Structure formats: C-alpha cells, structure tokens
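The following note is intended for a student who is reading a protein model for the opening time. Please keep the structure in view while working through the points.

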Amino acid sequence: MGNSALKAHLETAQKTGVFQLTGKGLTEFPEDLQKLTSNLRTIDLSGNKIELLPPLIGKFSLLKSLALNNNKLTALPEELCKLKKLETLHLNGNHLRQLPAAFEQLSALKTLSLSGNQLRTVPTQLCGLRHLDVVDLSKNQIQNVPDSVGELQAIELNLNQNQISQISVQISHCPRLKVLRLEENCLELSMLPRSILSDSQISLLAVEGNLFEIKKLRELEGYDKYMERFTATKKKFA
C-alpha cells in the first residue's frame, strides 16, 4: 500500500476517530498512527500479517475498540493494559498462548474474543474484569476450567471446540453467567458439575458434541431446575 493511501486513511481517521485498514498484508502496526493517539476511538487492523503490537498501543488513551483478528500475533505487550477506556477487544485467529499479567487493568472491557488461538487454560486475569459481558475462548487448546473461574463476571462464556475434560465446580458460582457453551469438547457426563444444573445462574448450557448423549443430561438430578431457568429466559426474549 502506498504512502498516499495511508495518508488519506490517516486524514479520515483524524476526523472520524476510526482507523480501519483490513486485509492489506500489513506486516507491522502502522507507526504513523502515533500521531493520532489522542483522536482514535476505534482501530481495526484485522486480516493482516502483523506479528508484534508495539508498546505505543498503550498511548491511545481514548481507544474503545481494538480489532486485530487474523494476524500473526504470538504475544501482547504489557502496555496494552493501559487502555482504561477499551470496551471491545477482538483477537481471533492469532497465535496467542497467554495474556499479559496486567490484563485485569483493562477495567472497562466488556467484550473479549480470543477464538482460534493457542491458549491452554482460561486466563485467571479475566476474573479481575468487573464489566466483562462476553468472553469467546472457542477453538483453543484449553483442557480444564480452573477454580478461579468462579470469580468470572461474564454473562456469556464460549468454550466450544477445545479439549476440555475437567470443569471446576466453582463455575456454578459465577454471579452473572447465563450462557455457557461447551460444545465439541472431551467431557464425560460424570465430569459435568451437577451444580451447573441445580445451583447456578446458567440458563443456556450448550454441550452437544461431547463424550455423552444429550438425552443422558436430562436424567440428571437438577435438570428440572435448569429447565425452569431455561424456559423463564426464553419467555423473556420471546
């Protein structure tokens, strides 16, 4: 992409607060963006070949939405965690194995998408985020869901297409969790905590494609309680 094209994009971004440059084969984060650290509210660089996010990302103090889907990121800089206004972060289809230690400083974060990365566990940093609504960790390499998950504030947690064979019973203590997606994992029925059915806020449990037949779920103690929540929620959205 020529400099004049980039310049035009920068001028538009200065006026709109939105910088979008997707599918252009960029191998690095455009350095010229640092002129707009006090303008930009949205950056979308999805579908490029960016391997590194520079520390200057932490200077975009007004940034609300950052999308870097389908790039080649293997790690995220700690500076990312300075984005106090960031509400939406899309990082699907990268090569991330973990999140920065200070990730829970992203205190405004509501939506986090990390589908199609190389995470092996549910990052504990997510439990410090008080405004989190939707977390997508599908298509990773997660094998178990740890005790810390009980602190998660999310309303929806998507763990489809992982390798999960164990889930902490603490998941039923999540105060706001309504939707739990566990399709296409390695769960035996005996490994599904009964308290998810009998004693949680969860009103949509998606468990197709595991190591048991769905009809066996209906025979479990607590299933009727789960169905009450499921039906009540359906009525609300009908």
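Predicted model: local features only at pLDDT ≥ 70, side-chain atom pairs only at ≥ 80, totals over all residues.

1. Strands β3 (residues 65–67) and β4 (residues 88–90) run parallel and are joined by three bridges. Within this pair, Ala 67 has His 90 of β4 as its bridge partner. Two strands count as paired if DSSP finds at least two bridges between them. In general, strands of a sheet pair through backbone hydrogen bonds, either parallel or antiparallel.

2. Residues are numbered from 1 along each chain as its sequence is written, and side-chain values use heavy atoms, with hydrogens and water left out.

3. The protein chain contains four helices and eleven strands. These are DSSP runs, numbered from the N terminus: helices are H or I with at least four residues, and strands are E with at least two. The C-alpha trace spans about 65 × 35 × 30 Å along its principal axes. Of the 238 residues in the chain, 47% are buried; buried means under 20% relative accessible area, exposed over 50%, and partly exposed in between, with a 1.4 Å probe and protein chains only.

4. In which order do the strands of the open sheet lie? Nine strands form this sheet, in the order β1-β2-β3-β4-β5-β6-β8-β10-β11, with parallel pairing. Its edge strands, β1 (18–20) and β11, each pair on one side only. From one strand to the next the twist averages 5 degrees, where axes are lines fitted to C-alpha atoms and angles run from 0 to 180 degrees between N-to-C directions.

5. Asn 70, which is not a glycine, has a positive phi of about 55 degrees. Asn 70 lies in the loop between β3 and β4 and is partly exposed, with a relative accessible area of 48%. Glu 184 likewise has a positive phi, near 55 degrees, in a residue other than glycine. Glu 184 belongs to the loop between β10 (179–181) and α2 (195–198) and is partly exposed at 44%.

6. How many disulfides does a search of the whole structure find? The search finds zero, a disulfide being a pair of cysteine sulfur atoms within 2.5 Å. The sulfur of Cys 81 is too far for a bond because the closest cysteine sulfur, in Cys 127, is 15 Å away. Cys 127 is also in no disulfide, and its nearest cysteine sulfur, that of Cys 174, is 7.7 Å away. Cys 81 counts as buried at 0% relative accessibility, and Cys 127 counts as buried at 10%.

7. The second largest pocket has a volume of about 180 Å³. A pocket is found on a 1 Å grid over the protein atoms alone, as an open set of points where a 1.4 Å probe fits, with protein on both sides within 12 Å along at least five of seven lines; lining residues have an atom within 4 Å of a point. The volume is the space filled by probe spheres set on the points, which are joined across faces, edges and corners.

8. The lining of the second largest pocket includes Leu 204, Glu 208, Arg 218 and Phe 230. At least two lining residues come from each of β11 (204–206), α3 (214–217) and α4 (223–237), and α4 supplies the largest share, four residues. The lining has ten nonpolar residues, no polar and two charged. Here Ala, Val, Leu, Ile, Met, Phe, Trp, Tyr, Cys and Pro count as nonpolar, Asp, Glu, Lys and Arg as charged, and the others, Gly among them, as polar.
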